[in-house]
Amino acid sequence: MINMRDNPTMHGLQASKFLLVAFILIQLLSTQLFAQRSKSPWQTLTGDAPCIIARGGFSGLLPDSSIDAYSFVSQTSVPGTLLWCDVQLTKDSIGICFPDVKMMNASHIQDVYPKRKNSYLLNGVPTQDWFTIDFNFKDLTNVFLKQGILSRSDAFEGNNYAISTVKDISTQLKPEGFWLNVQHDAFYAQHNLSMSSFLLSISKTVIIDYLSSPEVSFFRNIGSRFGRKGPKFVFRFLEKDDVEVSTNQTYGSLAGNLTFVKTFASGILVPKSYILPVESQYLLPHTSFVQDAHKAGLEVYASGFANDFDIAYNYSFDPLAEYLSFVDNGDFSVDGVLSDFPLTASSAVDCFSHLGSNASSQVDFLVISKNGASGDYPGCTDLAYTKAIEDGADVIDCSLQLSSDGIPFCLSSINLGDSTNVVQSPFRNRSTTVPEIGSLPGIYSFSLAWSEIQTLRPAIENPYSREFTLFRNPREKSSGKFVTLSDFLNLAKNSSSLTGVLISVENATYLREKQGLDAVKAVLDTLTEAGYSNKTTTTRVMIQSTNSSVLVEFKKQSRYETVYKVEEVIRDILDSAIEDIKKFADAVVISKTSVFPTSESFTTGQTKLVERLQKFQLPVYVEVFRNEFVSQPWDFFADATVEINSHVTGAGINGTITDFPLTAARYKRNSCLTRKDPPPYMIPVQPAGLLTIVSPASLPPAEAPNPVITDADVTEPPLPPVTARAPTTTPGPQSTGEKTPNRQTRVAQSLLLSAFATVFASLLLV
C-alpha cells in the first residue's frame, strides 16, 4: 500500500480528482436548480416560494417565545411557516426558547430575583443583567415572559406566560418546521455548558429543520456530528462591522468570501441592509449579494422584518411593500424572511407577489384620496395629486378654500398655518381669531390674495410627529405647488384611470356672511368652465360637506353627487335621520371608529352603521386610512392591509378615504380575494377578538357609548345670502423703511408672535 503522506505527488492527484468531482457535482446541481427555477416565477435558489420564519412566534403581538405567540402562527400564517426559537441554556443545561441570554428585557426576572443580577463578558463587552446560565430551569418556573419592545402592547403580560423548553414547543405544537438559533455558543462554552451536546441529545426526540448561528466555530464543531438527515445549517451574519469571534474577521469581510461559508453551511441569514442598503432612512440601489450567494449555492434568508419598526421612507410606512421589495422585485428573491409579524409576510408572498401592473381588481370599492397622496407629499399639491393617480386612486379630492380675491384652490385646511410655512413668511402679521372656525388665532386663506398664497411653501402633514416622532418623507416635506380648483379639475379630466373627483366644501356659511365669498358659486362656475357641466367629460363629480345646508344648495343648482360627512364618532343613526340625509345626499362618510369602536387601541366590537345606511341605498365611505402602524388598533397587527380588508370584506364599506392610495389600490388586486376559501391572513379580523385573550386585569375600562345621530343633528337652516364685501386694501408685509411702531403696537405684536411660537417651533421640526 502506498502511503500518500510519503508520496506528495499521489496526494495531489487524489486531491485534484476530488476537487474535480466536487466541481462537477456543483455544476450539475446548479444546472438542475436553474432548470427548476426557469419554470417558477420565484427567483429563489430552488425556485420555491420564500419561506416565512416566525421569530419567537407571532412576537409582534404576544410576548416573544410564549406558547400563545407560537400557537398563533398557525392560525394566521401560510402553511409551513417555520417557528424560530432562540435557544438558551440554563445552569443545569436545559435548552429553553428565550430571546436572549440576558433575561431582564423579555421577562420579569428582576421582580422575582432582585439580588441575582450578575456581570459577564459577552462578546468581549462587560455586561450586567440576569443571565440564563445563573439559573436552573426549576428556578425559572415563576418567571414570566413580557413584551420586550415598548411600542407593543403589554396587555397580554397578565396571562403569566411561562418560559418553555425546546422540547415543550416541539411536543405541544408539533411545528411543520422548527428553526433553532444559537447566538452565543462560545459564551456558554466559557461557562462549561455545551450547546452542541444539548442539540445532539435533543435531536433524538425533536426534529430540527434549521440550525443557525453567527459563530463559524459552532458549525465546525457540530457539522460532522449530525447525520445526513440533520438540519440545514445557516450561518447568521451580524452587522458588517461586528467581528466574528472564532475567525476574528468582520462579517463584512466574510460576506466577500461566500465560497468559504459554503464549506460549512447551506444558507445564510443576513440583515436587510446587506441586500437593500439604507442611507438617511432612504433606500440605495440593491446590492448583488443575493445573486452572488445563489451563484455560490447558498440560500439567503433576510432578517429584521417587523411592522412596527422604522423602515425606509420609500415604503411609505407600509410593511407589505417592504416584503415585496425582497421577494418580488424582478431581479431576485430571498429564500426566506425572518419576521415578528408572519401574517404580513404570508400575505406578501401568497397574495401580493407577481401581480403585475395590469392585474385586475378583485373587489369593488372606491379608493378616494385624502388631499391626494398626502402621506408621501404635501397635501393638495400637484405632486400629491399626480402620485395619487399613479398609485391607482379612483377618486382624487380637493378640500376647497377661497383666497381674499375669490380664487378657489385646494388646501387641506382653511388655516394656512396647518399646511404651509405662512408663520415663517412676511404674512405672519395677518393672524386673526375667528370663533366660527376655531378658538385659536390663525392665518386664514381669505386673508391672503392668491398671488400671495403662491409665494408660500407647502408643508407635509405629520400627524404622528409629536407623540411618536414619526415623520413622513422629509426630503419632500416642502415639495410641490399649490393648485387652483381649475388646475385640479383639468388634471383629473386628462387622466384615463380616474373615475371621479370629490370636492369638499366647508365654512360656507361664514364665508358668505363675514367675507362676502360664495364657495358654492365658485365651485359650480369652475366646474362649468372646466367642462364638467356639459358632459364633455365622463369624470364623476362628488361634492362633500359636513353641512346639510351646503349639500341642499348644490342639489338645487346642479345634478352632481352629494356626500354627507359625519364628523362625530357615532354608534348609530335613527331611521328618520337617514331619511332626512337621503333628501340631500347620495352617500355618507363616517370615521373608522364609527365602524369599529376602540378602547385603548383595542377594537371593542362592530356597529351596524354600514349595514343600516346601505339598507337605505346610501353608499358608505370611511376615513382616514393611514399606513403608520400607530394609526391602527392592535387587532389589525400593525398592518394597513389587514385594516382595509376588515373594513371592505368584513364591514362591507363602499370606499376608503386614505392618505396612501397605493395601499388600498393594491389591496383591490390581491390574488387571495378570488379564492373560495381565503387563507387566514386574508380573513377579516374578529371585532374585539384580541380582548378574549387579554388578562382580566389588563382589559381596557368601559367607555361611555358614542352618540346616536338624530334628525336634529342633520337638519340645518339654509345658507345665508352672500354679504356684500366692502372694498379693502389687503395689508402687505411691513417695509424696512416704516417708522418704529409705538409701545402699544409693539406689545400687540409680541403677543401675536408668542401665540404663534408653538406653531412656528413645530414647523421647524417638520
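**Entry 1: Arg152**

I looked up Arg152 and found it in the loop between strand S5 (125-129) and strand S6 (164-165). Helices (H or I, at least four residues) and strands (E, at least two) are DSSP runs, numbered from the N terminus. The model is predicted: local features need pLDDT of at least 70, side-chain atom pairs count only at pLDDT 80 or more, and totals for chains, interfaces and linings use all residues. Residues are numbered from 1 along each chain as its sequence is written, and side-chain values use heavy atoms, with hydrogens and water left out.

Is Arg152 buried or exposed? I read a relative accessible area of 5%, so Arg152 is buried. Buried means under 20% relative accessible area, exposed over 50%, partly exposed in between (1.4 Å probe, protein chains only).

Next I checked polar contacts. A polar contact is a pair of N or O atoms within 3.5 Å; within protein, one must be able to donate a hydrogen and the other to accept it, and residues adjacent in sequence count only if both atoms are side-chain atoms. One of 2.7 Å joins the side chains of Arg152 and Asp308. The Arg152 side chain also reaches the backbone oxygen of Ser59 at 3.1 Å.

I then listed contacts (heavy atoms within 4.5 Å). Leaving aside neighbours within four places in sequence, Arg152 touches residues including Gly60, Gln147, Phe341 and Trp634.

**Entry 2: strand S8**

I moved to S8 (residues 210-213). Both of its faces are covered. Tyr210 and Ser212 are buried on one side, Leu211 and Ser213 on the other.

Which strands pair with S8? Two strands pair if DSSP finds at least two bridges between them. Strand S7 (residues 178-181) pairs with S8 in the parallel sense over three bridges. Here Leu180 stands opposite Leu211. Strand S9 (residues 232-236) also runs parallel to S8, joined by four bridges. There Ser212 stands opposite Val234.

I followed the chain from S8 through helix H7 (residues 216-222) to S9, and this β-α-β crossover is right-handed. That term applies if, with the strands pointing away from the viewer, the path from the first strand over the helix to the second runs clockwise.

**Entry 3: helix H6**

How many residues of H6 (residues 195-202) are buried? I found six of its eight, so the helix is mostly covered. Among them are Met195, Phe198, Leu199 and Ile202.
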